[in-house]
Amino acid sequence: MIQRTFSVAYTEFSSNEELTESDRILIKMAWEAAEQAYAPYSRFFVGAALRLENGTIFTGNNQENSAYPSGLCAERVAIFAASSQFPGIAIETIAVVAKTEVFSLEHPVTPCGGCRQVMAEYENLSGKPIRTILQGSNSITWIVEGVNNFLPLMFEGNQLKK
């Protein structure tokens, strides 16, 4: 038997002042998107802002629905909007923020499994890692280089080929 352990590599920052100006812009845009989220059921507001390799920025926010599977996460809203307008252009960085009045968020919130898999698909498509910035309501920020740090042993489309 072989036992393997996976770990997540990320850098933690305690304030926005430690971040680059371009990262602060994405985070600000993600917070603005979170303010517009449609989350009447969970009261959990998520915003995302991504920058494509060509410099174009897209935002997204979570969109809930009373038929829960019909909603969509902020990350996927932003990614799909970007891909629909600029297909084939690599995602350079995505910032994801979350807030709620229902409970305390001590740490940044990470993308759900579905969003991680979508991010992996676009990362594999471009052949370039997606840099992910995560921030919670207390300004603690994590920066993760590449989806493989979120999703070890990720499923890839080439596994479907014969």
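## Stop 1: two positive phi angles

Select Arg43, which sits in the loop between α1 (21–35) and β2. This is a predicted model. Check the backbone of Arg43: phi is positive, about 55 degrees, although the residue is not a glycine. Most residues other than glycine have a negative phi. Now show the surface. Arg43 is partly exposed, with a relative accessible area of 36%.

Jump to Ser139. Its loop lies between β5 and β6 (141–145). Phi of Ser139 is positive too, about 75 degrees, and Ser139 is not a glycine. At 29% relative accessibility, Ser139 counts as partly exposed.

## Stop 2: strand β4

Select residues 91–100, which form strand β4. Is this strand enclosed or open to the outside? Of its 10 residues, 8 are buried, so β4 is largely enclosed by the rest of the structure.

For a landmark, pick Phe44, whose bridge partner in β4 is Thr100.

Ala95 stands opposite Ile133 of β5.

Now bring in helix α3, residues 113–126. Together, β4, α3 and β5 make a β-α-β unit. Which hand does the unit have? It is right-handed.

## Stop 3: Arg131 in β5

Stay on strand β5 and select Arg131. Draw the distance to Asp23: a polar contact of 2.6 Å joins the two side chains. Leaving aside neighbours within four places in sequence, Arg131 is in contact with Asp23, Glu92, Thr93, Ile94, Ile143, Val144 and Glu145.

## Stop 4: Asn61 in β3

Move to residues 57–61, strand β3, and pick Asn61. Is Asn61 buried or exposed? Asn61 is buried, because its relative accessible area is 11% and the cut-off for buried is under 20%.

Which backbone oxygens lie by its polar side-chain atoms? The backbone oxygen of Gln36 is 3.4 Å from a polar atom of the Asn61 side chain.

Not counting residues up to four places away in sequence, Asn61 touches Ala33, Gln36, Ala37, Val46, Gly47, Leu72, Cys73, Ala74 and Val77.

## Stop 5: the cavity

Last, run a cavity search. Rolling a probe the size of a water molecule over the atoms shows where empty space is left. How many cavities of 30 Å³ or more does the whole structure hold? The search finds 1. The largest cavity has a volume of about 120 Å³. Of the 15 residues that line the largest cavity, select the closest to its centre: Gly88, Ile89, Ala90, Ile91 and Tyr122.

Colour the lining by element. Both α2 (74–85) and α3 supply at least two residues each to the lining of the largest cavity. Which element gives the largest share? That is α3, with 4 residues. Keep α3 selected and bring back β4 and β5: the helix is also part of the right-handed β-α-β unit with those strands.

Methods: Residues numbered from 1 in each chain as written. Predicted model: local features only at pLDDT ≥ 70, side-chain atom pairs only at ≥ 80, totals over all residues. Heavy atoms only, no water. Buried < 20%, exposed > 50% of the residue type's maximum accessible area, 1.4 Å probe, protein only. Polar contact = N/O pair within 3.5 Å; in protein donor to acceptor, adjacent residues only side chain to side chain. Contact = heavy atoms within 4.5 Å. Pairing = 2+ DSSP bridges. Right-handed = clockwise from strand over helix to strand, strands pointing away. 1 Å grid on protein atoms, 1.4 Å probe; cavity = no way out; pocket = protein on both sides within 12 Å on 5 of 7 lines; lining within 4 Å. Points joined across faces, edges and corners; volume = space filled by probe spheres on them.
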